[in-house]
Amino acid sequence: MAAYAQIESVTLRFGEKVVLQNCTLEIKERAITCLIGLSGAGKSTILRLLNGLRMPDAGRVTVRGRDLRDLSYRDLIELRQKIGFSFQFAALFDSLTIGDNVAMPLREHTRMSKREIDEIVVQTLDSVGLSGARDRMPSQLSGGMLKRAGFARAIVTNPECVLYDEPTTGLDPIITHVLTDTIKRLRKQLNSTAVVVSHDLGSIYAMADYVAMLFEGAIIAYGTVDELKRSPNPIVQQFLQGSEVGPIPL
Ligand SMILES: Nc1ncnc2c1ncn2[C@@H]1O[C@H](COP(=O)(O)OP(=O)(O)OP(=O)(O)O)[C@@H](O)[C@H]1O
Ligand SMILES: [Mg+2]
């Protein structure tokens, strides 16, 4: 499978703190790549690198072979329209209804009629189990509902790639199942690429084509679910078992 994106020997710091160090990861086209790692390891930061919300201090990030650093502002905006981002914390506009929040990427970046947009918004809200929430304000929704609304907004334009930051964290098992299936369905129907940051091993095992584990600034393991489960690396094993005994410092 060809690469959709590549993170090549990337180092990234926040002030004194080195979050990524010589980090390399290939995102395969038309595959679901799950990214795992401890809290604070830099998983969300990797997603931000992939759509140019952050630039590396060293190394480079390419999408379809183009170095993001070489893109003009306009090209970068165009790229972001092709990459949906479901944020870890929903990041909706408080003053807009859920329907308007989800419709926003369609209104801004397409020439669809109001009727077409309405139809797609209803379908998309349906697909995440939020049919009834269209006219409600974000402040009237539970955390899990907000999360699904953010998810709906990320997928509403059928982007060529979707970055999902903890899409199922804190959601009940049924909705978790629905969203996991939605991620799989999108990848199948639209041949799209997905990168999913998740701590939810059940849903990772159900959807991942590849799993990458981030530890101390770099990817220390990469492979299919089976390959990862069979990894001889004690750090990977401890993480997958969720054991407090092992090489990972608490
Ligand atoms: N804007 C920022 N300014 C300063 N430090 C930051 C910033 N964003 C992230 N960091 C730091 O970078 C590190 C990695 O953060 P990141 O959010 O990528 O981790 P994560 O793996 O997504 O964690 P979690 O599983 O808790 O969401 C953390 O130590 C965090 O404090
Ligand atoms: Mg995060």
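Mentor: H3 gives the most to the lining of the largest pocket, with 4 residues. Keep in mind throughout that this is a predicted model.

Trainee: Which other elements supply at least two residues of that lining?

Mentor: Besides helix H3 (98–109), they are helix H2 (73–82), strand S6 (83–86) and helix H5 (143–155).

Trainee: How is empty space found in a model in general?

Mentor: A probe the size of a water molecule is rolled over the atoms, and this shows where empty space is left. In this structure, the largest pocket holds about 580 Å³ of space. Its lining has 20 residues, and those closest to the centre are Arg-80, Phe-87, Pro-105, His-109 and Arg-153.

Trainee: How do the residues of the pocket lining divide into nonpolar, polar and charged?

Mentor: There are 12 nonpolar, 5 polar and 3 charged residues in the lining of the largest pocket.

Trainee: How many cavities of 30 Å³ or more does the structure hold?

Mentor: It holds 1. A cavity differs from a pocket because the probe fits inside a cavity but cannot get out, whereas a pocket is open. The largest cavity here has a volume of about 30 Å³.

Trainee: Which residues line the largest cavity?

Mentor: The lining is made of Tyr-4, Ala-5, Ile-27, Leu-50, Val-63, Ile-83, Cys-161, Leu-163 and Val-195. Strand S1 (3–14) and strand S7 (161–165) each supply at least two of the lining residues. By class, the lining of this cavity has 9 nonpolar residues, no polar ones and no charged ones.

Trainee: Now the ligand. How many residues surround ligand 1, and which are the closest?

Mentor: Ligand 1 has 14 residues around it, with Ser-39, Gly-40, Lys-43, Ser-44 and Thr-45 the closest. The shell around ligand 1 consists of 4 nonpolar, 7 polar and 3 charged residues.

Trainee: What lies 2.7 Å from an oxygen atom of ligand 1?

Mentor: An N or O atom in the side chain of Lys-43 does. Distances like this are judged against a cut-off: a polar contact is a pair of N or O atoms within 3.5 Å. In Ala-41, a backbone N or O atom lies 3.2 Å from an oxygen atom of ligand 1. In His-199, a side-chain N or O atom is 3.4 Å from an oxygen atom of ligand 1.

Trainee: How much of ligand 1 does the protein bury?

Mentor: Taken alone, ligand 1 exposes 630 Å², and the protein buries 61% of that. Strand S2 (17–28) and helix H1 (43–50) are the elements that give two or more residues to the shell around ligand 1. H1 gives the most, with 3 residues.

Trainee: Is H1 itself mostly covered or mostly uncovered?

Mentor: H1 is mostly covered, with 6 of its 8 residues buried. The buried residues in H1 are Lys-43, Thr-45, Ile-46, Leu-47, Leu-49 and Leu-50.

Trainee: Where is Arg-64 found, and how exposed is Arg-64?

Mentor: Arg-64 is in the loop between strand S4 (58–63) and strand S5 (66–67). Its relative accessible area is 44%, so Arg-64 is partly exposed.

Trainee: Where is the place of Gly-246?

Mentor: Gly-246 is in the segment after helix H9 (234–241). Gly-246 is partly exposed, with a relative accessible area of 46%. Gly-246 and Gly-40 are 206 residues apart along the chain, and their C-alpha atoms are separated by 19 Å.

Technical notes: Residues are numbered from 1 along each chain as its sequence is written. Chains are lettered from A and ligands numbered from 1 in the order in which they are written. This is a predicted model: local features need pLDDT of at least 70, side-chain atom pairs count only at pLDDT 80 or more; totals for chains, interfaces and linings use all residues. Side-chain values use heavy atoms; hydrogens and water are left out. On a 1 Å grid over the protein atoms alone, a cavity is a set of points where a 1.4 Å probe fits but cannot get out, and a pocket is an open set with protein on both sides within 12 Å along at least five of seven lines; lining residues have an atom within 4 Å of a point. Grid points are joined across faces, edges and corners, and a volume is the space filled by probe spheres set on the points. Ala, Val, Leu, Ile, Met, Phe, Trp, Tyr, Cys and Pro count as nonpolar, Asp, Glu, Lys and Arg as charged, and the others, Gly among them, as polar. A residue is near a molecule or strand if one of its heavy atoms lies within 4 Å of it. A polar contact is a pair of N or O atoms within 3.5 Å; within protein, one must be able to donate a hydrogen and the other to accept it, and residues adjacent in sequence count only if both atoms are side-chain atoms. Accessible areas come from the Shrake-Rupley method with a 1.4 Å probe; for residues, only the protein chains shown count as cover. Buried means under 20% relative accessible area, exposed over 50%, partly exposed in between (1.4 Å probe, protein chains only).
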